[in-house]
Amino acid sequence: MAKKKNELWEWTKALVIAVLLAAVIRYFLFAPIVVDGLSMMPTLHDQDRMIVNKFSYKIGEPERFDIIVFHAPENKDYIKRVIGLPGDKIEYKDDTLYVNGKAYEEPYLEEYKKQVIDGPLTEPFTLKEKIGQETVPEGHLFVMGDNRRFSKDSRHIGPVPMEEVLGDAGVIYWPIEDIRIVD
């Protein structure tokens, strides 16, 4: 009888430790997320399953062109690409991104740019026109979806406060045929 009690206690301890470990990993380090919509096409597809690395931004700032997950104003989590960092001056003209006056290539948009025949993929704008400021405010990011014509992003909701960023979404784990690290 004592041996069965001891075995039950060992199994209970192992189960409690496993649940606590899973909770810590999910809350502080990694979490699953499902892509909802087409705003990040062609990079991400609707219903792709991804892993959010929450730890990445605990030790450093996001970098330009990272794909991040953040809490949006509609009490929903969004997945978008970082275009502007704090202090950056952002402008689009002739379907080209300019950051602080320097043109940047966006290779992840090339597929869509080839398909567009009725104007630019990204409509021209300046940061001043979209958010009423010349530069991305301190402590904020300017984000955009890769599917520029059909993305609700910083052009509509404004810059994203850093404290709303959950982490980096860099790995697709489902569907199986799409497993990859995302640039």
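Which side chain makes a polar contact with the side chain of lysine 80? That partner is serine 151, at 3.1 Å; a polar contact here is a pair of N or O atoms within 3.5 Å, one able to donate a hydrogen and the other to accept it.

## About the model

This is a predicted model, where local features need pLDDT of at least 70 and side-chain atom pairs count only at pLDDT 80 or more, while totals for linings use all residues. Residues are numbered from 1 along each chain, and side-chain values use heavy atoms, without hydrogens and water.

## Two annotated residues

An unreviewed UniProt entry lists Ser39 and Lys80 under "active site"; such annotations may be inferred rather than shown by experiment. They are spread over 42 residues of sequence, yet cluster in space, with a largest C-alpha distance of 8.0 Å.

Let's meet each in turn. Serine 39 lies in the loop between β1 and β2, and counts as buried because its relative accessibility is 15% (buried means under 20%, with a 1.4 Å probe and protein chains only). Beyond four places in sequence, serine 39 touches residues including Lys80, Asn147 and Ser151 (contact means heavy atoms within 4.5 Å). Lysine 80 lies in strand β4 and, at 3% relative accessibility, is also buried. Among the contacts of lysine 80 are Ser39, Asp66, Phe70 and Asp153.

## Charges along the lining

The lining of the largest pocket divides into seven nonpolar, two polar and five charged residues; Asp, Glu, Lys and Arg count as charged, Gly is among the polar ones, and Ala, Val, Leu, Ile, Met, Phe, Trp, Tyr, Cys and Pro are nonpolar.

Methods. Helices (H or I, at least four residues) and strands (E, at least two) are DSSP runs, numbered from the N terminus. Buried means under 20% relative accessible area, exposed over 50%, partly exposed in between (1.4 Å probe, protein chains only).
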